[in-house]
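This report describes one chain and then a ligand site.

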Amino acid sequence: MPWYLYLALKQLFPTGKRLSFFTAISILGVALGVATLIVTNSVMGGFGYEIRRMIIDTQGDVQIRARGLIDQAEPLIETVSKVPGVLGVTPFAEGVGMLEYGRKPAFPIIQGVDVNRVNDVIPLNRFIRVGSLDELDDDTVILSTQLAYSLGAHLGGKVTISSPLLIERLKNDEVFLPRELTIVGLFEIGHQQLDSNTVLVTLRRMQDLYGLGDAVHGLNVRISEKLDADQMATRINAALPDEPESRARSWLEANTEFLFVLQMEKNLVSILLLFIILVASFSIMSSLLTTVVRKTREIGLLGALGGSSRQIAACFCVQGFLIGLIGTATGLCLGFGFLALRNEILLLFTKLTGSQEALERFYQFSNVPAHMERADLVLIVVGTIVISTLAGIFPAWRASRLKPVEALRNE
Amino acid sequence: MSKPSSAGFQPASEVEQQAGSLRYRLILEASDVHKTYLSGERRLEVLHGVSISVHEGESVSIRGESGSGKSTLLHLLAGLDAPDTGTVKWEGSLDTGAGRRARFLGMVFQSFYLIPELDALGNVLMAARVAGKVGATEKQRAKDLLARVGLAEREHHLPSQLSGGERQRVAVARALMNSPRLILADEPTGNLDEKTGDSIIDLLLGLCAEQQIALVLVTHNAAHATRAGRSVFMRDGLLQ
Ligand SMILES: Nc1ncnc2c1ncn2[C@@H]1O[C@H](COP(=O)(O)OP(=O)(O)O)[C@@H](O)[C@H]1O
Ligand SMILES: [Mg+2]
């Protein structure tokens, strides 16, 4: 082992003592920075991941819509189903309606789903909290939980639903009676907007409410997990017939702006947290500079022993590197340890502050999600070690400029 | 301060005559060395035309008032600083760089300069590390040297656990570690009591004689100075 490496190690971990005080402080600074970055990045990534999954779960991987209505859904479904990689296709119709429960009105989005096929694409069963999807037929309805909550509606209750068609018919002096449907289930997706404002009916009921005949608004498509949604959308588009004029869009494309904001938010927070590492690097620098001053004579002595100024510089650079390395390793342990215990820690915190209910209301995830991209992890680790090593360069330069004579003179 | 610099040559030629014959290799040769410090507006001429030669196994003591330039001269001889004019040669070569220093010379200082994080053995071995080789042979030699300076039992003690005299013994062992041709000692007893100082000088002179190492000893102590083979005096920037 070259002497400067040996001495760097000995100065960080002196014989007899486990760790020098200055070193411990520097390492702790780096470790805290890394741990914070990891936890934040991972939890934000986790929320992002959950949100993405929710989008896919409710819209499918790819959505096909026509310019107007799709009159002949079945041939189109058949065509799309034959595209390799497509696992399921389900038609849908959706629109705003007026819903009354007792005397309370609401204006939810009504989703008409094909009960036979919807589960091939959208795991609706998973979202049902009360009741069952099997009981959904043309005379029943499933409400989102928060809508039911605000209406005071419960299972077995009856709601009436009417649509814009009612007014249109009225103009022609025709009578269009609101449909009375029985509540057979409640569902919760975990998205404020959807959960407060959605009802599920059968596709046939929706076609009736909107006077669509056999037409639908679009198709939701599920693809094989390994495949890229954008590529699949392109492939499906190539298979789509000219009539009706329709287009497939991946969930990524349909939600570009939202996903961009999500990513932006995560990047911004990461950049802000990077400042913690920078602050830590200043503590490394100042601690190493203090060492250079404290050890002026020994640096002189090393010159007298035959050490070159480049080797002396290396001794301090190595110390910066090692502090970064150990700090990063400690930070990784701290960060991932915290993540492993995140739910317990959150539980403890909410117990202490008595805010458990509020928390569950605000965040639909009862467990804190965590998800880390490998690239982010590599960036944090490499970045921290590089910054720490750079922090050692200035002190190293100072030490190497110290002439042995000057250093030895302060007797 | 105003003497012509050529006067500096004379002691050197005397020295060569004293050394007697060419049987002994010339280890260290400084000729007409000048050194001036500039501190702010003031010029301080510390050395004007110092020459000195030291042969293999020879011991030379340098005495002189405080501030007369003894340390300055020693640093120039060690290649740690460059003279304004004049030359310093090690075994006839002008190369006095860091690469050669580790094996050519050992130094002992008034304030010991041990590395506080390393124990006695580690400090002695540090010389070998800087020279680039620490094997079983080197470890054994370091232990032998520590035993030779009377610290066999203290190998694993940190400098902070050693007395002043013991620290200086470690420093002496370190100076000898790489079997140098020359040892430069700058007031090695300056921080020690008389008895301890005497024993350090005994060690230094004894070991250097034993191993045919040339020694330049800067000291204030007249008794110590006379024990060297040859004594010179630093006065007005010259050796006499
Ligand atoms: N770097 C320097 N700058 C200015 N003056 C110096 C410097 N180094 C030494 N001196 C001066 O040079 C003179 C000789 O110093 P030194 O060699 O240490 O003397 P000695 O070792 O004989 O006591 C002193 O007056 C000292 O103040
Ligand atoms: Mg001095």
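Chain B exposes about 10200 Å², of which carbon and sulfur atoms supply 48%; accessible areas come from the Shrake-Rupley method with a 1.4 Å probe, and for residues only the protein chains shown count as cover. The model is predicted: local features need pLDDT of at least 70, side-chain atom pairs count only at pLDDT 80 or more, and totals for chains, interfaces and linings use all residues. Residues are numbered from 1 along each chain as its sequence is written, chains are lettered from A and ligands numbered from 1 in the order in which they are written, and side-chain values use heavy atoms, without hydrogens and water.

Of the 240 residues in chain B, 54% are buried (under 20% relative accessible area, 1.4 Å probe, protein chains only). The C-alpha trace of chain B spans about 55 × 40 × 35 Å along its principal axes.

Ligand 1 is surrounded by 13 residues (a heavy atom within 4 Å). These residues come from chains A and B, so the site is shared between chains. A:Arg409 is among the closest, together with B:Gly67, B:Lys70, B:Ser71 and B:Thr72. By type, the shell has three nonpolar, six polar and four charged residues (Ala, Val, Leu, Ile, Met, Phe, Trp, Tyr, Cys and Pro are nonpolar; Asp, Glu, Lys and Arg charged; the others, Gly among them, polar).

| Residue | Distance to a ligand 1 oxygen |
|---|---|
| B:Gly67 | 2.7 Å |
| B:Ser68 | 3.3 Å |
| B:Lys70 | 2.8 Å |

Taken alone, ligand 1 exposes 570 Å², and the protein buries 73% of that.

Notes:
A polar contact is a pair of N or O atoms within 3.5 Å; within protein, one must be able to donate a hydrogen and the other to accept it, and residues adjacent in sequence count only if both atoms are side-chain atoms. Buried means under 20% relative accessible area, exposed over 50%, partly exposed in between (1.4 Å probe, protein chains only).
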